[in-house]
Structure formats: structure tokens, C-alpha cells
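Please look over the sequence and the 3D structure below before reading on.

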Amino acid sequence: MKLSRTFIRHFLFLIVLFPGLCAASWQGGPAPQRENFRHEFRWVQDGGVSREKAASIVKRRFGGKILSVSETRKQGQVVYRVKGLSDKSQVYVVFVDKKSGRISR
């Protein structure tokens, strides 16, 4: 039984191509992104908000200067207590949820 050259070329092509196709499907690619989510809540996927990220969220929202950041509990949730000084020289305190990055007073 003699195989044709065309058959052998196609067979070799499939052997070379098939593992690449399987590997691409196993990797899955990046997770789909939602269009209407708030930029500052993106850190939930990364395992939470760091102390520095909490400070930058508050600074971006309220402006001014960040005076201190400390970790505490509020209503059973782990939050960051962020103390800041506004542009109008008023001291404010807000809480940033460590899991979601949401700001509360």
C-alpha cells in the first residue's frame, strides 16, 4: 500500500498544527471585561485593595493630601481608615473597603 505525497503532506501538516490548536483552547485567553463597571472597583479581581491603592482612590476622589492610612474593621468588614486634608484645609476621614475599594463615611 503506497500513500500519495499529498496525503503525507496533509497528515504531517495536521500533526504539526494540532498541538498548537489544543494548547490555544486550553489557555482560554483573558477573562471577558464588562463595559459598565467602575474603574476603581477593578482590584477585586486582584485579591483586594492595597494600602497605597486605597490612598490613591481617596486622593483621586477628594483631592488634597493624604495624612494617614490604617487598617481596621467596620461592621465586620476589613476596611482602610483614610484621613485626608482637603484643598480647603478641612480634615476628613473616609473608609475604603479592602475587598471592593468602595468608599464610605
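The points below describe a sheet, its hairpins and a helix in a predicted model.

**The sheet**
- An open sheet is formed by four strands in the order E1-E2-E3-E4, with antiparallel pairing.
- Its edge strands are E1 and E4 (103–104), each of which pairs on one side only.
- In general, the strands of a sheet pair through backbone hydrogen bonds, and the pairing is either parallel or antiparallel.

**E1 and E2**
- Strand E1 covers residues 65–74 and strand E2 covers residues 77–85; they run antiparallel and are joined by nine bridges.
- Lysine 65 has leucine 85 in E2 as its bridge partner.
- The hairpin of E1 and E2 has two residues between the strands, and glutamine 75 in this hairpin takes a positive phi near 55°.

**E2 and E3**
- Strand E3 (residues 91–97) runs antiparallel to E2, and seven bridges join the two.
- Arginine 81 has phenylalanine 95 in E3 as its bridge partner.
- Valine 82 stands opposite another valine, residue 94 in E3.
- Five residues lie between E2 and E3 in their hairpin, and in the turn serine 89 has a positive phi of about 60°.
- As a general rule, side chains in a regular strand alternate between the two faces of the sheet.

**The helix across the sheet**
- Helix H2, made up of residues 51–62, lies across E1, E2, E3 and E4.
- The helix runs at about 120° to E1.

Definitions and conventions
Residues are numbered from 1 along each chain as its sequence is written. This is a predicted model: local features need pLDDT of at least 70, side-chain atom pairs count only at pLDDT 80 or more; totals for chains, interfaces and linings use all residues. Side-chain values use heavy atoms; hydrogens and water are left out. Two strands pair if DSSP finds at least two bridges between them. Contact means heavy atoms within 4.5 Å. Axes are lines fitted to C-alpha atoms, for helices over the stretch in contact, and angles run from 0 to 180 degrees between N-to-C directions.
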